[in-house]
Amino acid sequence: MPKVGMEDIRKEQVIEAAKNCIISKGLSNLSMKDIAEEAGISTGIIYHYFKSKEDLLMQVLKVSFRRSHEKVMETVEPLQNPEDKLMKHLENINVVSKENPEYMAVFLNYLGEANHNPQIRKIINKFFNNLVDYTQQYLGDVSIKGTQLKNLPVMIIAMGIGLGTMWTMNNQLYDMDEMELNFKDLISSYLNGRVGGSQE
């Protein structure tokens, strides 16, 4: 049991060190030596827990996505009303850049590598699919004139990622709090317009 516990701690330590190096040096300039120095261990210990550099990078990405998903689940899941869930989800998407800039830095580094690395591309696409499926799940009971809002989850996530990327690149570009209200108003207007039949 102690060995298993220490293994988990060591893995977490290495993943955290790798994440810090990605943020400070960028993914393309990352070396196992950098990670070992950041973690205060030898490269041999890293290879004891991870098969390769690629294996470690996959784990960093998975852990980053899992933490983001858990934050959404903690705040959205307790709510019962689908629209309340939607509004809370919008808040989470919009403020992730402000409250968790490290996540965005990691995400953008990996996004830049996705076209060159099929494994990274696969994980990012799985992340996108999970976000879309989750959003669709709590909107699943919302039908408008018999037509399911199948594109709304994609629209929400695309706008959230786009806004987060722009704010990460230049946090003077727009006011985060104001944008959160605008974002929620936009989606509410879309829903209400469709429900009321006023959308042309």
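**Notes on a helical chain**

Colleague: Let's start with N81. Where is N81 placed?

Modeller: N81 is in the loop that runs between helix 4 and helix 5. Keep in mind as we go that this is a predicted model.

Colleague: Is N81 buried, exposed or partly exposed?

Modeller: N81 has a relative accessibility of 37%, so it counts as partly exposed. Buried would need a value under 20%, and exposed a value over 50%.

Colleague: What about L79, where does that lie?

Modeller: L79 also lies in the loop between helix 4 and helix 5, and helix 5 covers 82-99. With a relative accessible area of 28%, L79 is partly exposed, because that value is not under the 20% limit for buried.

Colleague: Which residues is L79 in contact with?

Modeller: If we leave aside its neighbours within four places in sequence, L79 is in contact with D84, K85 and K88.

Colleague: You mentioned D84. Which element does D84 lie in?

Modeller: D84 lies in helix 5. D84 is partly exposed too, at a relative accessible area of 42%. In space, D84 is 9.9 Å from Y138, C-alpha to C-alpha, while in sequence the two are 54 residues apart.

Colleague: Let me zoom out. How many helices and strands does the protein chain have?

Modeller: The protein chain has 9 helices and 2 strands. Along the sequence the pattern reads α-α-α-α-α-α-α-β-β-α-α.

Colleague: And what does the C-alpha trace span?

Modeller: About 65 × 40 × 30 Å along the principal axes. The protein chain has 200 residues, and 40% of them are buried. Another thing to know: take contacts between residues at least 6 apart in sequence, and 62% of those join residues at least 24 apart.

Colleague: Then what is in the largest nonpolar core?

Modeller: That core has 37 residues, and the ones with the most contacts inside it are I35, I46, L56, V60, F65, Y110 and I120. Two or more residues each come from helix 1 (2-25), helix 2 (32-39), helix 3 (43-49), helix 4 (53-76), helix 6 (101-113) and helix 7 (118-138).

Colleague: Which helix gives the largest share?

Modeller: Helix 4 does, with 7 residues. As a general point, nonpolar side chains tend to be buried together in soluble globular proteins.

Colleague: Pick L56 from that list. What does L56 touch?

Modeller: Not counting residues up to four places away in sequence, L56 touches V14, I15, A18, M32, I35, I46 and F50. There is also another core, lying apart from the largest one, with 19 residues that include L90, Y138, L149 and M176.

Colleague: Back to helix 4. At what angle do helix 4 and helix 6 pack?

Modeller: The angle is about 135 degrees, and their axes are 11 Å apart. Helix 4 passes helix 6 in a left-handed crossing.

Colleague: Which residues make that contact?

Modeller: Helix 4 brings L57, V60, L61, S64, F65 and S68, while helix 6 brings Y103, V106, F107 and Y110. Sorted by class, this contact of helix 4 with helix 6 has 8 nonpolar and 2 polar residues, with no charged ones.

Colleague: I spotted S64 there. Is S64 buried or exposed?

Modeller: S64, which is found in helix 4, has a relative accessible area of 10%, so it is buried. Beyond residues up to four places away in sequence, S64 touches Y103 and V106.

Colleague: Last topic. How do the axes of helix 5 and helix 6 cross?

Modeller: They cross at roughly 95 degrees and come within 5 Å. Helix 5 is therefore roughly perpendicular to helix 6. The contact involves V96, S97, K98 and E99 from helix 5, together with P101, Y103 and M104 from helix 6.

Colleague: What are the classes in that contact of helix 5 with helix 6?

Modeller: The contact of helix 5 with helix 6 has 4 nonpolar, 1 polar and 2 charged residues.

Definitions and conventions: Residues are numbered from 1 along each chain as its sequence is written. This is a predicted model: local features need pLDDT of at least 70, side-chain atom pairs count only at pLDDT 80 or more; totals for chains, interfaces and linings use all residues. Side-chain values use heavy atoms; hydrogens and water are left out. A nonpolar core is a set of buried Ala, Val, Leu, Ile, Met, Phe, Trp, Tyr and Cys residues joined through side-chain atoms within 4.5 Å. Buried means under 20% relative accessible area, exposed over 50%, partly exposed in between (1.4 Å probe, protein chains only). Helices (H or I, at least four residues) and strands (E, at least two) are DSSP runs, numbered from the N terminus. Contact means heavy atoms within 4.5 Å. Axes are lines fitted to C-alpha atoms, for helices over the stretch in contact, and angles run from 0 to 180 degrees between N-to-C directions. A crossing is left-handed if the near helix is turned anticlockwise from the far one by less than a right angle, and right-handed if clockwise. Ala, Val, Leu, Ile, Met, Phe, Trp, Tyr, Cys and Pro count as nonpolar, Asp, Glu, Lys and Arg as charged, and the others, Gly among them, as polar. Angles under 35 degrees count as roughly parallel, over 145 as roughly antiparallel, 65 to 115 as roughly perpendicular and the rest as oblique.
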